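This report sets out how the two chains of a model are built and how they meet. It begins with the contact between the chains and then turns to the parts within one chain.

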Number of protein chains: 2
Amino acid sequence: MADNGRVPTNSKTATPAPARRRELLATAAEVFAAQGYNATTVRRIADEAGLLAGSLYYHFDSKESMLDEILSAFLDELWAGYDAVLAAGRGPRETLEALVTESFREIDRHRPAVAIYQKESRHLAAQPRFAYLAESQRKFEKLWLGTLERGVAGGDFRADLDVRLTYRFVRDTVWVAASWYRPGGRHRPEEIARQYLSMVLDGIAVRT
Amino acid sequence: MADNGRVPTNSKTATPAPARRRELLATAAEVFAAQGYNATTVRRIADEAGLLAGSLYYHFDSKESMLDEILSAFLDELWAGYDAVLAAGRGPRETLEALVTESFREIDRHRPAVAIYQKESRHLAAQPRFAYLAESQRKFEKLWLGTLERGVAGGDFRADLDVRLTYRFVRDTVWVAASWYRPGGRHRPEEIARQYLSMVLDGIAVRT
DNA sequence: CTCCTTCCCTAACAAGTGTTAGGTAGGTTA
DNA sequence: TAACCTACCTAACACTTGTTAGGGAAGGAG
């Protein structure tokens, strides 16, 4: 498990069955993603999971710690994937392709978490508990911006585009896919990545 | 608070002064955009506006009606702009360019409203009061999808891309710009639109 | 002067919020 | 058998939420 610098809050007594934990976290993530974190009541989560509100506190310290666990688990896995991509030491264009593909795979696996991250990370990052969100964002920017800049320097990418704007466009378009992507739908994540890369690399206009 | 030469209205209207109304709506939109609608308390809005919570109810029926007014005002102006673009009767590529440019102009003018729309529209559209959000979304899809399909049929756009996927990418990337765009920043909306169009039409890869 | 409108405040309400202390059925272990 | 642990429920707590009724200061109109 990759570490993002945060201590996992593992309180209570002897830990409850991790299987049930993951189950509850999955439904919580689903509700958080659908309704928003603040709009979601802990009673609603319990209702969806088939138990009563108070019973959730046998498994978790608080509503916030559920959110925390959902987001950090996602980020840990995301960065594990990214680090593997970087370790391959490919050129800028291939790295970008691999990063995009990896991102869509993560959306496929952590769709609710990505949706929550997308909606809430900005104002969560202000809280000390979620400081790792801000740190992750910085690493994220460094990674993608660096890849784009290497590509421009190496002649792979156009030099007449504002790299920072391009970075934002690329980043956002990848992640907002979580808002409409449905696992098991018509498109596999790799196919979505392929189409997206084709569009962003070569454009949608017919070449004359 | 960027606009309007403020008029010290002494108009004897039965309803409260519309100038004050707009002022309060502007700060409400700002807070909604920053914290999310549900996470925003009516006391926080009042605090930001320099009055007490109860006093807001002299101007508005409810917290929800503030949100309603913010969103519908934005959508009215947005569609006025889009209709003007369509009335020009241009070809697919020029229409797409005009639509994108117009969208970034709307982000410039209604940034908080766009950010709120982006975050909340999905689960708001279920409520009957906000049914117009769903309707607007349908019109939106018809408009953009139609433009893309005409472009493919006319040979302006590539035929080997999934039109529906392309539509989603284009749509999302335009609107999420509201999350990082700051009016008065380095980039004018027209410049952002130009860069974005260049990227999406011709791609970021160097042509070989 | 008095009347009236505009705009805000005071002070509370009822409903809903996250959370907790203590209890309990059922299975596992000794 | 008894002791123990897991996973849940019951029933409430303290607090925050959106909202409202009534009052009052300021200022123009008669």
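## Contact between the chains

Across the interface of chain A and chain B, 23 residue pairs are in polar contact, both partners being at pLDDT 80 or more; a polar contact is a pair of N or O atoms within 3.5 Å, where, within protein, one must be able to donate a hydrogen and the other to accept it, and residues adjacent in sequence count only if both atoms are side-chain atoms. The elements that give two or more residues to the side of chain A that touches chain B are helix H1 (18–35), helix H5 (92–109), helix H6 (111–124), helix H8 (163–176) and helix H9 (189–202) of chain A, with helices taken as DSSP runs (H or I, at least four residues; strands are E, at least two) that are numbered from the N terminus. The largest share of that side, 9 residues, comes from H8(A). By class, the side of chain A that touches chain B has 18 nonpolar, 11 polar and 14 charged residues, where Ala, Val, Leu, Ile, Met, Phe, Trp, Tyr, Cys and Pro count as nonpolar, Asp, Glu, Lys and Arg as charged, and the others, Gly among them, as polar.

The contact, meaning heavy atoms within 4.5 Å, takes 43 residues from chain A and 43 residues from chain B. The area buried between the two chains is about 4,200 Å², of which carbon and sulfur atoms give 62%; buried area is the accessible area (1.4 Å probe) that two parts lose on being put together, summed over both. In chain A, the residues that lose the most area to chain B are Phe169(A), Trp180(A) and Ile204(A), which together account for 19% of what that side buries.

## Basis of the model

This is a predicted model, in which local features need pLDDT of at least 70 and side-chain atom pairs count only at pLDDT 80 or more, while totals for chains, interfaces and linings use all residues. Residues are numbered from 1 along each chain as its sequence is written, chains are lettered from A and ligands numbered from 1 in the order in which they are written, and side-chain values use heavy atoms, with hydrogens and water left out.

## Symmetry

Chain A can be laid on chain B with an RMSD of 0.1 Å by a turn of 180 degrees and a shift of 0.0 Å along the axis, the superposition being by least squares on the C-alpha atoms of residues with pLDDT of at least 70 in both copies. The two copies are thus related as by a two-fold rotation axis. In chain A, the C-alpha nearest the axis belongs to Gly203(A), at 1.9 Å from it. Of the interface residues of chain A, 100% are also interface residues in chain B, so the copies meet through the same surface.

## Domains within chain A

Chain A has 9 helices and 0 strands. Its domain assignment, which is of an automatic or database kind, gives domain 1 (15–60) and domain 2 (63–202). The C-alpha centres of domain 1 and domain 2 of chain A lie 27 Å apart, and the contact between them takes 17 residues from domain 1 and 14 residues from domain 2. The area buried between these domains is about 1,400 Å², of which carbon and sulfur atoms give 64%.

## Salt bridges

A salt bridge is a side-chain nitrogen of Lys or Arg within 4 Å of a carboxyl oxygen of Asp or Glu. By this rule there are 33 salt bridges over all chains, with 0 across the interface of chain A and chain B and 2 across the interface of domain 1 and domain 2 of chain A. Glu30(A) forms a salt bridge with Arg111(A), the closest N and O atoms being 2.7 Å apart.
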